[in-house]
Amino acid sequence: MSLDPARLAPMANAIRALSMDAVQAANSGHPGMPMGMADVATVLFSEQLKFDPKAPKWPDRDRFVLSAGHGSMLIYSLLYLTVYDAPTIEDIKNFRQLHSPCAGHPENFELAGIECTTGPLGQGLAMAVGMAMAERHLNAVHGTDLVDHNTWVIAGDGCLMEGINHEAIGLAGVLRLGRLNVLWDDNHITIDGDTDLSTSEDILGRYQAAGWHTVTCDGHHYGEISRALAEAAADPRPSLVACRTIIGKGAPNKQGSHSVHGSPLGADEIAAAREFLGWTSPAFEVPEEILSNWRALGEKGAAARGEWEARLAASESGAELMRKMEGRPPAETMEVGDYITKLAAEKPKVATRKSSEMALDVLTAGIPELMGGSADLTGSNLTKTKSTPTFSANDYAGRHVHYGIREFAMAAAMNGMALHGGVIPYGGTFLIFSDYCRNAIRMSAIQHAKVVYVLTHDSIGLGEDGPTHQPIEHVMSLRTIPNLLVFRPADAIETAEAWTMALSQQGRPSVLALSRQNLPAVREDTQFKSAKGAYRLKAAAATRQVVIVATGSEVEIALASAAALEAAGIGADVVSMPCCELFDEQSAAYRGELLPADTLKVSIEAGVTLGWQKYVGDGLTIGIDRFGASAPADQLYDYFGLTADKIVPQIKARLGQ
């Protein structure tokens, strides 16, 4: 399509009209950004973006991320106009209504063409960094004929102000992700008013300092936009395109002010905007000529896709690429059962972080799409294996990312990698620092992203570093996130089982909470017992009077407590519960058989007791409901009452003995 303003302006105005009409109908939403960035989006889709609405999951499509997710009507309009199967015009009429796929912020599981769920500002851009990383990695492994696409982002001032932006652009800069291009909606407006109220930084200078290419343009001049986008696409560095725009462009009395950011324009202003833009069509109607021009854009990608499919069919690497993109396991990979048999025989006494490294040694050798990393704690998280050389600007085929001290960006980038496809990302930090990246973990769960978080140093057992580094509320807090599996394994076998289950998930992220301190082997059998989330590790010898439930490093304490009780003639079961979420999914009969209603139940976990009442009812909850302390681990366990000598008397007292 030629760069003809007479053709492009009405196309951009279609975005403006649909956006202001949908927000008005919902009496809720953000018309300003879609109206302000309509011209930039029109040029992007006309000249640069490689896509095919008839094949929205085409692996070599460009990725388009609307990081400024509050302006969701921009992408809904674009998807409708370029004739994706959805949204329909009826969906757009029901913008922000229950069961409409046109949610307030774009959701990747609702509509094809939405690459990631955005809304929490800055995370869309950070996920795009992960998508660009995945593209470079797969390109290095499978070649340019099969993997050769860009990632385009529309971001607002808020995305650039958030702290995660600093982390993400630093990572993109050092990795020289030249296929990443960010279009900044530089409208000088936030909700509170002009950006001068809250920032005075040189944003272009900040990006340049991080190793980015920057270019500016008038965001309402089609020639300027075209020049800037072409320059960005050609530069070998990641690019920031500062598009100077007017928020709410086309609303004559409100454009350029914060009043148009997050509120409907109102009937009078919409009428004035129609007159100002020369838009005579009724609400939610787009003239056929304009629709035809947009449909032509949607159709042009079919030829490029057809050429790519021919190359795929001819490539020796094609089948393997598609296996990875479709999330299918390798045809020939390690047998986990053999590894678990080896562990059962050797009974290693190691920290579960070490158990994780041992499992990863096997898994990464057999699953080439496993791509690890750590937020500057590789030697502590133990995420790097013999099969995972460093991923860098000098070797994109590498499989271990040195994220630096950027926990939030790491988590968001892993979301982007998972959503791009072809990569299964895992990344490590200390469990205490999950607070730094918690919202990205939540976004993993919302987006059904297959990401594995390796969170080590999981309790007071880390010892002398003290309460600033000792997780107390963290494991239970993570368990409250829907659609997230939280594993806290007790030994090497449970850790291997946790990894196996995490990698078997489709559409669900996982956390592995792992110990710093060495733990004894508590399992000798090779049955895959962790699959149900909890299982009877030890059955009572005497008549059962108590069931002790424990996780992770406290399972050995539960076993010692049970032994002392049995010596006193009190029968005690021990239930290991490495994953509460999987246990909750079991049948009522299985749950009731493990945790019978007529028996005293006791939980032991070196963390908050809140939440364990769900499993033990009015039984005993042994844990820590205060911050930790600085001391060797064994002293801390004694001080906080997490020893058999201090737990058994409490159980006997509750039993009246």
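Mentor: Let's start with two words: a residue is called buried when its relative accessible area is under 20%, and exposed when that area is over 50%. Keep in mind that this is a predicted model.

Trainee: Thanks! Which residues does that give us in helix 14 (residues 336-346), on the buried side?

Mentor: Val336, Tyr339, Ile340, Leu343 and Ala344 are buried there.

Trainee: And how do you know on which side of helix 14 they lie?

Mentor: Look at the arc they cover around the axis: it is only 145°, so they are on the same side of helix 14. The face turned away from that buried side carries the exposed residues Asp338 and Ala345.

Trainee: What do the buried residues of helix 14 pack against?

Mentor: They pack against helix 15 (352-366) and helix 20 (492-504). Just after helix 14, lysine 347 has a positive phi of about 50°.

Trainee: Let me try helix 26 (residues 644-654). Which of its residues are buried?

Mentor: Ala644, Ile647, Val648 and Ile651. Their arc around the axis is only 100°, and therefore they sit on the same side of helix 26. Asp645 and Ala653, which are exposed, are on the face turned away from the buried side.

Trainee: What covers the buried residues of helix 26?

Mentor: The cover includes helix 21 (555-567) together with strand 16 (544-550), strand 18 (600-604) and strand 19 (620-622).

Trainee: Now to a pair of helices. How are helix 8 and helix 17 oriented to each other, and how do you know?

Mentor: Helix 8 (residues 163-174) and helix 17 (residues 407-420) pack at about 70°, with axes 8 Å apart. Angles from 65 to 115 degrees count as roughly perpendicular, so that is the description for helix 8 and helix 17.

Trainee: Which residues meet there?

Mentor: From helix 8 come Ile164, Glu167 and Ala168, and from helix 17 come Glu407, Phe408, Ala409 and Ala412. By class, this contact has five nonpolar and two charged residues, and no polar ones.

Trainee: What makes aspartate 21 and arginine 274 a salt bridge?

Mentor: The cut-off is 4 Å between a side-chain nitrogen of Lys or Arg and a carboxyl oxygen of Asp or Glu. For aspartate 21 and arginine 274 the closest N and O atoms are 2.8 Å apart, within that cut-off, so the pair qualifies. Aspartate 21 is in helix 1 (residues 5-26) and arginine 274 in helix 11 (residues 267-277), 253 residues apart, so the pair links distant parts of the chain.

Trainee: Are those two residues buried or exposed?

Mentor: Both values fall under 20%: aspartate 21 has a relative accessibility of 6% and counts as buried, and arginine 274, at 14%, is buried too.

Trainee: How far apart along the helix are glutamate 224 and arginine 227?

Mentor: They are three residues apart in helix 10 (residues 222-234), which means about one helical turn. Glutamate 224 is partly exposed at 29%, and arginine 227 is partly exposed at 35%.

Trainee: How many salt bridges does the rule give in total?

Mentor: The count comes to 34.

Notes:
Residues numbered from 1 in each chain as written. Predicted model: local features only at pLDDT ≥ 70, side-chain atom pairs only at ≥ 80, totals over all residues. Heavy atoms only, no water. Axes fitted to C-alpha atoms, helices over the stretch in contact; angles between N-to-C directions. Helix = DSSP H or I, 4+ residues; strand = E, 2+ residues; numbered from the N terminus. Parallel < 35°, antiparallel > 145°, perpendicular 65-115°, else oblique. Contact = heavy atoms within 4.5 Å. Nonpolar A, V, L, I, M, F, W, Y, C, P; charged D, E, K, R; others polar. Buried < 20%, exposed > 50% of the residue type's maximum accessible area, 1.4 Å probe, protein only. Arc of directions from axis to C-beta.
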